[in-house]
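Hello,

Here is the structure I promised to pass on. Please open it first, then read my notes below.

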Amino acid sequence: MKNQSIKRKIIILYTGCISVILLVVLIGMIFYIKNVETNAAEEELQGKVNAFYGKIKIKGDEYTIPDEIEFYNDGVIISVYGEDGTPVTGSIPSQFPIQTELKDDVYQEIETEDHSWLLYDKAYDYGNGKVLWIRAVSNVYGFERIAGRATAAVGVSFVVMILLIAGVGYHMLSIALNPVDTICREAGAISKGEDLSRRLTVPKARDEMYRLTVEFNQMFDRLEESFEAEKQFSSDVSHELRTPLAVIRSQCEYLLEECRTEEEAKEIQVIMNQADKMIQLITQLLTISRCERGGEYFQMQEFDFGFMVNMVADTLEETAEQKQIRIITEVEEGLILCGEETLLMRMMMNLVENAIYYGRNGGFIKIRIWKEDQIIRGSVKDDGVGISKENLNKIWQRFYREDKSRSNTTNGTGLGLSMVKWIVQLHRGKIEVFSEKGVGSEFIFYIPIS
Ligand code: ADP
């Protein structure tokens, strides 16, 4: 029940409640009808017994039963018994258990194999303490059969009613909750497409859905504002830091030329390395923030994507050799793509550099590029350390690094993959990662040709 949709939950609860209420009402009705029928049958038996006794002639302490008296009247059979319970006259229905005890002014229901009997006995004192018993018996089979049929009919109508109530309820709920589906779909499209400038369609009717949509849109406004502010901030900070860093670096170069001892040179080199690292970081941040602002900052041109990939592989071959990693390329020829060449080169560099850095000594890197349905597809695969399942989604976040302890020992900034993602998205493409800890990783991307 917990994970069911609201629609299902409401339908289950509402149909359940109505079923219980309906069941109670229908059972109540059956009991009421049965009660009324039984009372009527009992009254009839009592009336017949009294009427029968009224026809008996009493003289002193003797009685005479007239010949014309009827022992069978309208489904009721009358029999007369003496004081000791011995039958005197009258009829007894076949299959009726004759030994049934006489009980004064009491209704009894007797069940035999095939029948159900209702009987009423009355002891009359007809003079000098002498007693005459009169018994009226009726076969309640007819009534039981009617009651049985009524119960079956009620059962069938109960099922039909419940199905009808559930069906109509589901239909009405679907209409009422349709706007919620629309809101979910549109909000999902906004968050998946990561286009925060889009808004939900506001319904015309000013009901709860209208308020919900307006609230959502206001939330998107605030989110967009804060994202914009964050982008602006990182872009401004990067710009502001670029010039002083360039000055630090050129001053270091100058000092390096001027220094006299090896010790001094080493110290200056440390400062220069750190400045280089910061320049790299700032360049990456600026690239990301330009990508986020869209294509107008870049010059999209046609170029040979395969040729560029081969160039990246050649450039990084030497670095790979330091770890005895073999770079294997399978690149289709003549893959012309319209895009920003320097950015796509940066993307390939980042992927292959990562594959080397996180690759296994003596392992391999396989780069495959091919075309399918006007889409360039690429794969960079290594047999290195791999990424654990729970971190697979996080690697695209800025400054995320799986092994925090390596942060200070490598040239990495934790920005490489977020930049890769932005570059792919800028080219209306997609990138995915498949990885297993200790086995290796594969990054697969898709970029439309134009
Ligand atoms: P950096 O490499 O500078 O740490 P990235 O953004 O390029 O930053 O990568 C983020 C994290 O993703 C890395 O710290 C690493 O944990 C993981 N990663 C990226 N590429 C690979 C790879 N080929 N194999 C294993 N882990 C990888």
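**Ligand contacts**

A polar side-chain atom of Arg401 sits 2.6 Å from an oxygen atom of the ligand. Please keep in mind that this is a predicted model. Tyr358 also brings a polar side-chain atom to a ligand oxygen, at 3.1 Å. Gly416 uses its backbone instead: a polar atom there is 3.3 Å from an oxygen atom of the ligand. How much of the ligand's 530 Å² does the protein bury? The 530 Å² is what the ligand exposes when taken alone, and the protein buries 96% of it.

**The shell around the ligand**

The ligand is surrounded by 19 residues. The closest are Asn354, Arg401, Thr413, Gly414 and Leu417. By class, the shell has 9 nonpolar, 7 polar and 3 charged residues. Three elements each supply at least two residues of this shell: helix H6 (341-357), helix H7 (416-426) and strand S15 (440-448).

**Strand S8**

Now to another part of the model. Strand S8 covers residues 130-139. Is S8 mostly covered or mostly open? Mostly covered: 7 of its 10 residues are buried.

S8 pairs with strand S4 (residues 76-81) in the antiparallel sense, over 6 bridges. Within that pairing, Ile77 has Val137 of S8 as its bridge partner.

Strand S7 (residues 116-127) also runs antiparallel to S8, joined to it by 10 bridges. Here Tyr120 stands opposite Ala136. S7 and S8 form a hairpin with 2 residues between the strands. In that hairpin, Asn128 takes a positive phi near 50°.

Best wishes

Definitions and conventions
Residues are numbered from 1 along each chain as its sequence is written. This is a predicted model: local features need pLDDT of at least 70, side-chain atom pairs count only at pLDDT 80 or more; totals for chains, interfaces and linings use all residues. Side-chain values use heavy atoms; hydrogens and water are left out. A residue is near a molecule or strand if one of its heavy atoms lies within 4 Å of it. A polar contact is a pair of N or O atoms within 3.5 Å; within protein, one must be able to donate a hydrogen and the other to accept it, and residues adjacent in sequence count only if both atoms are side-chain atoms. Accessible areas come from the Shrake-Rupley method with a 1.4 Å probe; for residues, only the protein chains shown count as cover. Helices (H or I, at least four residues) and strands (E, at least two) are DSSP runs, numbered from the N terminus. Ala, Val, Leu, Ile, Met, Phe, Trp, Tyr, Cys and Pro count as nonpolar, Asp, Glu, Lys and Arg as charged, and the others, Gly among them, as polar. Buried means under 20% relative accessible area, exposed over 50%, partly exposed in between (1.4 Å probe, protein chains only). Two strands pair if DSSP finds at least two bridges between them.
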